Amino acid sequence: MSSTLIKCLSLAKTVGAVTFRNVLATSHNHLTAWSPAAVGGLLKCGMHTTSPMRQERLMEFFDDPKHWTENEVKVGRAWKTDELRIKSNKELHQLWYVLLKERNMLFTMEHECNDKMEIFPNPERIDKVKISMENLETVVRERNKAYHLLETGETGERPKKQVHNAFGLRSTYKTCEHALPPYMNTKWIKSRHLSYGGRAVHKFLLQYREKLYNVKRKAKNRSRNEVMMMLRRNPNIDLQMLKRKFPDVDVDKLLSNDKTRGHFVPKVDV
């Protein structure tokens, strides 16, 4: 490459850098005097023509300063699904970003309070925002499902199926699209088609099922003992109420048990 060509390339690079710095220093009022094509070209390049971000905008990640020294902040409840169903899609879209901004602010304040070893006021606000966002997603999913059922006859949701993992336990697998068919996608076959077996896995399944059975058995015994003590202390208790509250307990069978009679003399009709 000749020296003349190198000088021309360096000169063009220098002129381009100076022009770019001049554009960044140009205010929004001067840009309005430019042609629409020039301004549109800058916007397509992803260049922001507004003034630099001020400190006040960064403070949006923090709560109101008057709440910094408070131990309790008055807040409302979470959004319910019935309230979200009557809103339009545009309102739900706007509400989603409001909740997202509120969640980011709460996470920032929680991290800052933990860093400063201070009390974060009303930590349940994070749970309320989380519940509101989950309810909003539920409403949007209902509308998408209704739209797809009307247009295509299908729900539009990703198909699910129950598969066995490497430990022999059943888990839910959501199908997804792949560029390769299943018989050619060896990576997918190795990651999804897991087979279980062996002495260790069968021993684990035996102990795991035994644990589940013991948990169920102990819960049933606790309910049975609770009903027994209630019948012992209150002989005239409503039996229908007990049957509704404890459906897995045979109340009629417990009435003939000696432990449910208590230390009192039963009334005998003469």
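# Helices, strands and contacts of a predicted chain

Along the sequence, the chain follows the pattern α-α-α-α-α-α-α-β-β-α-α-α-α. The model is predicted, so local features need pLDDT of at least 70 and side-chain atom pairs count only at pLDDT 80 or more, while totals for chains, interfaces and linings use all residues. Residues are numbered from 1 along each chain as its sequence is written, and side-chain values use heavy atoms, with hydrogens and water left out.

User: How many helices and strands are there in the chain?

Analyst: Helices (H or I, at least four residues) and strands (E, at least two) are DSSP runs, numbered from the N terminus. By that rule the chain has two strands and 11 helices.

User: What percentage of the residues of the chain count as buried?

Analyst: A residue is buried under 20% relative accessible area, exposed over 50% and partly exposed in between (1.4 Å probe, protein chains only). The chain has 270 residues, and the part that counts as buried is 17%.

User: How much of the accessible surface belongs to carbon and sulfur atoms?

Analyst: Accessible areas come from the Shrake-Rupley method with a 1.4 Å probe, and for residues only the protein chains shown count as cover. The total for the chain is about 22,300 Å², and the share of carbon and sulfur atoms is 56%.

User: What share of the contacts with a separation of 6 or more is between residues 24 or more positions apart?

Analyst: A contact means heavy atoms within 4.5 Å. Among contacts in the chain with a separation of 6 or more, the share of residues 24 or more positions apart is 54%.

User: At what angle do the axes of helix H6 and helix H7 cross, and what does that make the pair?

Analyst: Axes are lines fitted to C-alpha atoms, for helices over the stretch in contact, and angles run from 0 to 180 degrees between N-to-C directions. H6 covers residues 89-115 and H7 residues 124-151, and their axes come within 10 Å and cross at roughly 155°. Angles under 35 degrees count as roughly parallel, over 145 as roughly antiparallel, 65 to 115 as roughly perpendicular and the rest as oblique. H6 and H7 are therefore roughly antiparallel.

User: Which kinds of residue make the contact of H6 with H7?

Analyst: H6 contributes residues including Leu-92, Trp-96, Arg-103 and Phe-107, and H7 contributes residues including Ile-126, Ser-132, Met-133 and Arg-143. Ala, Val, Leu, Ile, Met, Phe, Trp, Tyr, Cys and Pro count as nonpolar, Asp, Glu, Lys and Arg as charged, and the others, Gly among them, as polar. The residues of this contact divide into six charged, two polar and 13 nonpolar.

User: Which residues does Leu-99 touch, leaving out those up to four places away in sequence?

Analyst: Leu-99 is found in helix H6 and is buried, with a relative accessible area of 8%. Its C-alpha atom is separated by 7.8 Å from that of Ser-132, 33 residues apart along the chain. Not counting residues up to four places away in sequence, Leu-99 touches Val-129, Ser-132, Met-133 and Leu-136.

User: Is Met-117 buried or exposed?

Analyst: Met-117 lies in the loop between H6 and H7. This residue is not a glycine, yet has a positive phi of about 55°. With a relative accessibility of 77%, Met-117 counts as exposed.

User: Is Asn-122 buried or exposed?

Analyst: Asn-122 lies in the loop between H6 and H7 and has a positive phi of about 50° although it is not a glycine. With a relative accessibility of 9%, Asn-122 counts as buried.

User: Which residues does Asn-185 touch, not counting residues up to four places away in sequence?

Analyst: Asn-185 is found in the loop between strand S2 (170-174) and helix H8 (186-192). Its relative accessible area is 14%, so Asn-185 is buried. With residues up to four places away in sequence left out, Asn-185 touches His-178 and Leu-180.

User: What distance separates the C-alpha atoms of Phe-107 and Phe-62?

Analyst: Phe-107 is found in helix H6 and is partly exposed, with a relative accessible area of 39%. Phe-107 and Phe-62 are 45 residues apart along the chain, and their C-alpha atoms are separated by 9.1 Å.
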